[in-house]
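Please examine the sequence and the structure shown below.

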Amino acid sequence: MSFDPASLVFSQPESPTDIRASTVLPARRENVEFLTEDGKLLVGELASPESGEISATLITLHPLPTHGGFMDSHVYRKASYRLPALAGVAVLRFNTRGTHSPRGTSQGHFEEGIGERYDVEAAVRFAAERGLPNRWLVGWSFGTELALMYGAVEPIASRVEGAVLLSPPLHRATDVHLKEWAASGKPLTVLVPEHDDYLQPAEATERFGLVPQARVLGIDGAKHLWVGEKYAARVLDEIVDDVTETGAGPDGLPRRWAGPVATV
């Protein structure tokens, strides 16, 4: 059975509470689905602010589904739990073709990043047609390959502002794709864990040297999967700094919340 966002139960604590991995802050949450150009129905969730303007929209591209990646991979789950309330940011998460999560299973099967081009196009088209503003691709691991290969060319390029990459392996994405990003002039932020399994900060700085506007940031102590609240929170701070005018603030996003909360 598909997860129902309406099943979340919010309560008002007597005092501010620490924001933990299982903390869910208020947002408008809806199950969504969209059709790719080659006929695959993809499932996902859109979390947007309960009130006020949307400051930015994240279109998230998850890690490798053959190695456990899906729309609920923890950094993206935490983004959807927190960013609508803390930063006015809408978060679109979805399963690429053939990927399963509690939300459901997207049609099709894994296509090594080739057929997934249609998935990225469909997600961006959905966000644009819904009128979601200031749209950014956020890729993690395999998702960075999709962002790099397809984000700087049409029909996606004119519909997104730029991209944030988490733990890019640069396996499928080549220098050709990096040069396309360079030519686009679109912002590209690259967050590279110090202890990444595939591409570490020094090599990442060299490889992304092909993109003059790229900002490569090595994160001390972090690993490929960004395990640990310290590192997940740092990622969210960096994303908000990049995609919104006000940013996360000098001390980062709040780590405590005084309003209603739910837990999962």
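A residue is called buried under 20% relative accessible area, exposed over 50% and partly exposed in between (1.4 Å probe, protein chains only). This is a predicted model, in which local features need pLDDT of at least 70, side-chain atom pairs count only at pLDDT 80 or more, and totals for chains, interfaces and linings use all residues. Residues are numbered from 1 along each chain as its sequence is written, and side-chain values use heavy atoms, with hydrogens and water left out.

**Arg29**
- Arg29 lies in strand 3, residues 28–35; strands (E, at least two residues) and helices (H or I, at least four) are DSSP runs numbered from the N terminus.
- Arg29 is buried without a salt bridge, a term that requires a side-chain nitrogen of Lys or Arg within 4 Å of a carboxyl oxygen of Asp or Glu.
- The nearest side chain of opposite charge, that of Glu45, is 4.7 Å away from Arg29; Lys and Arg count as positive, Asp and Glu as negative, and His and the chain ends are not counted.
- The Arg29 side chain reaches the backbone oxygen of Leu25 at 2.9 Å and that of Tyr81 at 3.5 Å.

- Eight strands form an open sheet of mixed pairing in the order 3-4-6-5-9-10-11-12; two strands pair if DSSP finds at least two bridges between them.
- Strand 3 and strand 12 (214–219) are at the edges with a single partner strand each, so one side of each has no neighbour in the sheet.
- Strand 5 (residues 56–61) and strand 6 (residues 89–94) run parallel and are joined by four bridges.
- Ile59 has Leu92 in strand 6 as its bridge partner.

Notes. Polar contact = N/O pair within 3.5 Å; in protein donor to acceptor, adjacent residues only side chain to side chain.
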